[in-house]
Amino acid sequence: MDAAPEPAPFRLHPAAAWALVGAQFVFLLLLGFLPWGALWNRGLGAIVLGLVLVALGLGIALAAGAGLGRTLTPSPIPKAEGVLVTSGVYGFVRHPIYSGLLVLGLGLVVIGASVLHLLAWVALLSVLMAKARFEERMLADQYPDYAACAARVGRLVPGLGRIRP
């Protein structure tokens with residue numbers, strides 16, 4: 001009996017990929033421009049903590065982008081000529097740019113202190129989780145070593161979201 005044919009690799013439609021990128025930027029912009037609230041005291045301590053988180057998140061995202069080099073793309077669709085990066089910040093989490101954006105966004109939530117900020121951050125988290133899951137399916141198809149990396153390295157937080165083989 002013949003073996004069943006291998007399933008075709010998963011490919012996200014480019015329009016869907018760019019819609020996710022657009023949604024990510026909309027929620028980041030909302031976090032920056034929503035009206036401030038009064039869920040907590042927006043005193044100097046909250047502002048400083050928020051700015052530290054914004055700077056930390058930006059630093060993580062920039063370091064991760066630099067680590068990808070020419071493989072970097074805002075789309076969750078991996079570049080055909082890309083390489084699998086597992087060193088630097090990618091040795092701690094599989095999607096450090098997304099992690100950095102979430103930390104940056106959390107800083108904006110701390111500064112904004114509103115329910116709308118919290119909702120925008122949860123929406124950003126949802127979009128980035130969807131992007132990560134689609135991206136991981138394509139990375140697993142493109143790179144034979146991705147499964148081992150995903151079993152060892154967390155998705156957005158070190159140690160959390162590892163994919164068991």
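The mean pLDDT of this predicted model (the predictor's confidence in each residue, from 0 to 100) is 93, and 96% of the residues reach 70 or more. Among the helices (DSSP runs of H or I of at least four residues, numbered from the N terminus, with strands being E runs of at least two), confidence is lowest in α5, residues 146-152, at a mean of 92, and highest in α3, residues 96-112, at 98. Residues are numbered from 1 along each chain as its sequence is written. Because the model is predicted, local features need pLDDT of at least 70 and side-chain atom pairs count only at pLDDT 80 or more, whereas totals for chains, interfaces and linings use all residues, and side-chain values use heavy atoms, with hydrogens and water left out.

The protein contains 5 helices and 0 strands, arranged along the sequence in the pattern α-α-α-α-α, and its C-alpha trace spans about 70 × 30 × 30 Å along the principal axes. Of its 165 residues, 41% count as buried, where buried denotes under 20% relative accessible area, exposed over 50% and partly exposed the range in between (1.4 Å probe, protein chains only). Among contacts (heavy atoms within 4.5 Å) with a separation of 6 or more, 78% come from residues 24 or more positions apart. The accessible surface, computed by the Shrake-Rupley method with a 1.4 Å probe and, for residues, with only the protein chains shown counted as cover, comes to about 9,300 Å², and 72% of this area belongs to carbon and sulfur atoms.

Helix α4 comprises residues 115-142. Its end C-alpha atoms are 40 Å apart, which agrees with the 40 Å that its 28 residues should span at 1.5 Å a residue, the expected span being 1.5 Å times one less than the number of residues. The buried residues of α4 include H117, A120, L124, L128, E135 and L139, and their cover includes α1 (14-33), α3 and α5. L116, also in α4, is by contrast partly exposed, with a relative accessible area of 46%. Together with L39, W40, V115, L118 and L119, L116 forms a nonpolar surface patch with about 540 Å² of accessible area; patches are made of residues with over 30% relative accessible area and no salt bridge, like charges being joined within 9 Å and nonpolar side chains (Val, Leu, Ile, Met, Phe, Trp, Tyr) within 5 Å.

A search of the whole structure finds 2 salt bridges, each defined as a side-chain nitrogen of Lys or Arg within 4 Å of a carboxyl oxygen of Asp or Glu. In one of them, the side chains of E136 and R94 meet at 2.7 Å, N to O; E136 lies in helix α4 and R94 in the loop between α2 and α3, so the pair ties together parts that are 42 residues apart in sequence. E136 also meets R155 in a salt bridge, at 2.7 Å, N to O, and this pair links helix α4 to the segment after α5, the two residues being 19 residues apart. E136 counts as buried at 5% relative accessibility, as does R94 at 6% and R155 at 9%.

Within helix α2 (residues 44-68), G50 is buried, at 0% relative accessibility. Residues up to four places away in sequence aside, G50 touches G107, V110 and I111. The C-alpha atoms of G50 and S114 are 13 Å apart in space, with a sequence separation of 64 residues.
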